[in-house]
Every structure is written in structure tokens, then in C-alpha cells.
Amino acid sequence: MKLLMVFDFDHTVVDDNSDIWVLNCLPDQTLPASVKASYRDGHWTEYMGRVMAYMGDQGISPDRIRGVMETIPFTPGMRDLLTFIAESKSAVDCIVVSDSNTLFIDWVLKGAGLRAAVDRVFSNPASINESGHLELQHHHSHNCHKCPVNMCKRKVLEGYLSERAEAGVEYGRVFYVGDGGNDLCPSLCLRGQDAVMPRKGFTLEKLLARLKAQKADSSAAAKVVVWSSGTEILQQLKQCLQS
């Protein structure tokens, strides 16, 4: 059976936050106070829509944004990991589940020549409107009280696994690689033979450790494998494929 790799994007595949990196398009890399003050807790995607509208009003083109996004640094070892995955498609499927947006992710992966590694990208839909400005939408609606209003990654993952099962594809193991608080919910739906891989020193690792210390019924059933670079994940992946 095949193995499924699931990646978050910001601070996982890339070593920064793509929604912050895009501010490098601005002459002084800062937003006006009126835009900053418009953020409401739990409604980041709407806020980023206003950021994109402001950039459009300043005459910043999508090509300029793409050029800046292509300079975002990859997390150490991730290029090699994704290259290996691209060369191992007979054994490994790979998806990205991210609270960024579809254009940013596609631009970064294509700019690095790594888009072939990823079978599907699940993120907030982004498009270029008639005025030439970027527009964002919510990925979906959901009823999960643990997740941001625009995306429950567990719903995304479970939906993808169900869709693949209907197509006759069952995964022997799932590796979930992430860093943030919104990666906890999908981590808790993994099976005992799967692995959740939190980045060392980031929020997901701390949340999983807290649940384990509390011996909570909601703690992860999957094996927890902490990582600092993509090289460590690549080693785990190769070992799994050889076993």
C-alpha cells in the first residue's frame, strides 16, 4: 500500500509565514494602521483579503507578488525531501493542507521546480480579479469549534482519505508534518500506524506534549516524531519505504 505525506506550508515546507513574507512587496514592508487595525481574532483570511486589496490599490501587480513569494526560504532539508517524493510517486502520495492560499503555494513550489511532488493543494482559494488584484476566499465551511472559521484541517484530511478510498486507494501509513495549533485537530484523527511530525520548538509539539502529560483521552494515537529539518523526515520516510 502507498504512503501519504501531508504537509502544512508556512513554517513547515517554507521557513517563514507566506502571509507576512508578502509584505516585502511594500516599499517599507509595513501596512497602514487602518489595515492593521481591521484584523479580528479568528478571521485571518478576511484580513489578508484586505491586505491584498491595499496592495492592489498601491499598484503592486500579481507578477510583483509572485516574484517576491518565489524568494521565501525553504525550511532546511525540505527541497531534498520534496525532490525525493517527486521521484517516488509510485509509492508516495503527497498533499499540502494550509491556511495560506492556493496562489502563494503554487507560485513558491513552481518557482522552486517542486510542484510535481505535490498531488493536491488544499488551501484558501486565491484568484486575480478583473482589476488585476488578488482576491481570497475561505477554503470551506465547517462546524469544528477548535479550528479557524475558514478551515478545519481534520475535515480536509478525512475528506481526502474518504475520496481516495472510494477510488480504491488505501494508505498503509500517513505522515502528518506541521508546526502550528491548527495542525493539532488533524493529528488527532491519525491511526496507531501513522505518524504526526511536529516541528521542534513550535506550537504543535508543545500541544501534543501537553496532551500526553495530561494522559488525555484526546491525545494522539499516532507515533509522535519531532523534527528540526526535512533531512530527518526524509530519513524516516526512506526507512518506512524500505521496511
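Buried means under 20% relative accessible area, exposed means over 50%, and partly exposed falls in between (1.4 Å probe, protein chains only). At 18% relative accessibility, D106 counts as buried. The model is predicted: local features need pLDDT of at least 70, side-chain atom pairs count only at pLDDT 80 or more, and totals for chains, interfaces and linings use all residues. Residues are numbered from 1 along each chain as its sequence is written, and side-chain values use heavy atoms, with hydrogens and water left out. Helices (H or I, at least four residues) and strands (E, at least two) are DSSP runs, numbered from the N terminus.

**The sheet**

- Six strands form an open sheet in the order β3-β2-β1-β6-β7-β8, with parallel pairing; two strands pair if DSSP finds at least two bridges between them.
- The edge strands, β3 (120-124) and β8 (223-224), each pair on one side only.
- β1 pairs with strand β6 (residues 171-178) in the parallel sense over six bridges.
- Within that pairing, V177 of β6 is the bridge partner of F7, and Y171 of β6 is the bridge partner of K2.
- β1 also pairs with β2 in the parallel sense, over five bridges, and L3 stands opposite V92 in β2.
- β2 and β3 run parallel and are joined by four bridges, with V96 opposite V121 in β3.
- Five of the six residues of β1 are buried, which leaves this strand mostly covered.
- β3 is mostly covered too, with four of its five residues buried.

**Helices on the sheet**

- Helix α5 (residues 78-86) lies across β1, β2 (92-101) and β6, and runs at about 145° to β1.
- Helix α10 (residues 230-242) packs on the sheet and touches β1, β2, β6 and β7 (195-198).
- The direction of α10 makes about 175° with that of β6.
- For these angles, axes are lines fitted to C-alpha atoms, for helices over the stretch in contact, and angles run from 0 to 180 degrees between N-to-C directions; contact means heavy atoms within 4.5 Å.

**Helix α3**

- Helix α3 (residues 44-57) has 14 residues and reaches 20 Å from its first C-alpha to its last, close to the 20 Å expected at 1.5 Å a residue.
- The expected span of a helix is 1.5 Å times one less than its number of residues.
- The buried residues in α3 are T45, Y47, M48, V51, M52, M55 and G56.

- H11 is not a glycine, yet it has a positive phi of about 60°.
- H11 lies in the loop between β1 (2-7) and α1 (18-21) and is partly exposed, with a relative accessible area of 26%.
- Q29, also not a glycine, has a positive phi of about 60°.
- Q29 is found in the loop between α1 and α2 (33-36) and is partly exposed, with a relative accessible area of 40%.

- D106 is found in helix α6 (residues 102-111).
- Leaving aside neighbours within four places in sequence, D106 is in contact with R115 and V121.
- V226 lies in the loop between β8 and α10 and, at 35% relative accessibility, counts as partly exposed.
- Not counting residues up to four places away in sequence, V226 touches P198, K200, E205 and E232.
- V226 and L211 are 15 residues apart in sequence and 15 Å apart in space, C-alpha to C-alpha.

**The largest pocket**

- Rolling a probe the size of a water molecule over the atoms shows where empty space is left.
- The largest pocket has a volume of about 460 Å³.
- Of the 18 residues that line this pocket, the closest to its centre are N17, W44, D99, P148 and N182.
- β2 gives the largest share of the lining, three residues.
- On a 1 Å grid over the protein atoms alone, a pocket is an open set of points where a 1.4 Å probe fits, with protein on both sides within 12 Å along at least five of seven lines; lining residues have an atom within 4 Å of a point.
- Grid points are joined across faces, edges and corners, and a volume is the space filled by probe spheres set on the points.
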